[in-house]
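Subject: Structure handover

Hello,

Here is the structure I promised to pass on. Please open it and keep it beside this message while you read.

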Amino acid sequence: MKDSPKTRASRIVRSDIQRMSAYHVQNAEGMVKLDAMENPWAWPGDQAGWPEAIANVQANRYPDPGAGGVIRRLRDVMAIPDAMDVVLGNGSDELIQLLIQMVAGDNVTILSPEPSFVMYRVLAETNRVEYRGVSLTADMQLDVPAMLAAINDLQPALIFLACPNNPTGIRYAESDIRQIIEAATGLVVIDEAYIAFSEDSALPLLDQYPNAVVMRTLSKVGLAGLRLGMLIGHPDWITEVDKIRLPYNIGALTQAAAEFALDRYDELLGQARELVAMREAQYLTLQDERYRLRHVWKSDANFLLVQTEEGRARYIFEGLRDQDVLIKCLDGGHPLLKDCLRLTIGTSQENRQLLAALEKVV
Ligand SMILES: *Cc1c(COP(=O)(O)O)cnc(C)c1O
């Protein structure tokens with residue numbers, strides 16, 4: 001049969017996939033890039049030893065399937081308890097995908113507060129799993145009674161809690177997290193992508209709550225290009241995830257680069273501390289009425305959520321873009337994000353450029 005790829009695809013590709021659009025990444029060429037929570041400093045720069053660490057990789061051989069060298073170093077720098085196991089993903093996005101695949105089936109529901117990280121919903125949908133969002137409170141905190149009611153109604157197999165949350169930067173109260181873990185009948189995944197900019201990890205809770213796991217990533221601390229995420233939890237959970245992980249999912253170059261970087265993890269944490277100091281300064285500066293923001297949220301991450309005057313978010317986003325400053329416009333994504341923009345913290349020069357451009361456009 002000589003039908004075109006388009007015709008044939010429309011016949012055999014799942015109709016829900018045909019209706020989807022691909023994950024959109026904004027073109028950032030030549031821009032001050034404050035849209036994606038990357039560490040602004042190129043690393044390792046001229047770090048001695050980096051080229052050799054990569055050059056020694058035997059690219060003709062498959063990598064260490066369990067990435068033992070990386071996991072050993074992660075255990076060390078992140079003080080992962082011996083009783084917990086670790087599995088790595090090609091970014092934590094892959095781990096979210098694996099967790100969902102692990103439970104996917106009829107009458108399975110996945111729950112998350114909203115607004116939160118969009119991949120929970122996207123990956124639930126691509127795996128044909130029912131997804132439910134429970135709105136946060138107006139101050140972007142967990143609505144615990146609503147979460148508990150949803151848990152009771154839906155008995156979700158997975159609950160994703162990003163803490164600190166993206167796109168709000170808010171860290172939830174530990175007592176709220178505990179209540180949700182205690183009520184859950186499935187697995188609670190605490191996504192700590194921004195833990196380097198925060199405090200109070202849930203890692204110490206895992207001992208008491210073996211039906212919770214902690215997910216982290218190297219992306220936000222300075223190694224977004226490596227694509228390395230990690231899931232930490234009770235061996236009974238990690239064993240199941242490991243069964244559906246594709247063999248050799250972490251390439252040899254990534255492993256070598258990550259080992260090198262983790263041996264110098266203090267430098268990345270030092271940069272994270274610097275970003276936290278700049279975040280606090282930017283938070284205070286943005287209160288000035290010359291920026292005409294209705295609200296700037298306190299943040300525990302490497303970005304700030306701000307609310308513009310009514311109906312102005314898209315205009316300001318475009319005005320900044322015209323001045324080569326790229327941020328994220330969140331307006332329209334969720335009712336709580338009306339008129340909201342997300343500003344990643346960059347170098348002090350980039351942060352100043354943002355302020356100047358913002359003053360101009362408002
Ligand atoms: C950025 C982000 C991730 C994804 O990180 P990768 O490791 O780069 O895939 C996961 N969760 C949250 C909340 C994020 O903001």
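A quick definition before the findings: helices here are DSSP runs of H or I with at least four residues, numbered from the N terminus. Keep in mind that this is a predicted model.

**The ligand**

The ligand is surrounded by 13 residues. The closest are Asp191, Thr217, Ser219, Lys220 and Arg227. Two helices, α5 (92–103) and α9 (219–223), each give at least two residues to this shell. Sorted by class, the shell holds 4 nonpolar, 5 polar and 4 charged residues.

Now look at the ligand's oxygen atoms. Asn166 places a polar side-chain atom 2.9 Å from a ligand oxygen. Asp93 uses its backbone instead: an N or O atom there is 3.0 Å from an oxygen of the ligand. On its own the ligand exposes 380 Å², and the protein buries 93% of that.

**The pockets**

Where does the ligand sit? It sits in the largest pocket. That pocket holds about 1,600 Å³ of space. Its lining has 48 residues, and Tyr23, Phe117, Val118, Met119 and Lys328 are the closest to its centre. Helix α6 (119–126) is among the elements that give two or more residues to the lining. The lining divides into 22 nonpolar, 12 polar and 14 charged residues.

The second largest pocket has a volume of about 210 Å³. Its lining includes Val77, Met78 and Tyr265. By class, that lining has 8 nonpolar, 1 polar and 1 charged residue.

Best wishes

Definitions and conventions
Residues numbered from 1 in each chain as written. Predicted model: local features only at pLDDT ≥ 70, side-chain atom pairs only at ≥ 80, totals over all residues. Heavy atoms only, no water. Near = heavy atom within 4 Å. Polar contact = N/O pair within 3.5 Å; in protein donor to acceptor, adjacent residues only side chain to side chain. Areas by Shrake-Rupley, 256 points an atom, 1.4 Å probe, with all protein chains shown as cover. 1 Å grid on protein atoms, 1.4 Å probe; cavity = no way out; pocket = protein on both sides within 12 Å on 5 of 7 lines; lining within 4 Å. Sits in = over half its atoms within 2 Å of the grid points. Nonpolar A, V, L, I, M, F, W, Y, C, P; charged D, E, K, R; others polar. Points joined across faces, edges and corners; volume = space filled by probe spheres on them.
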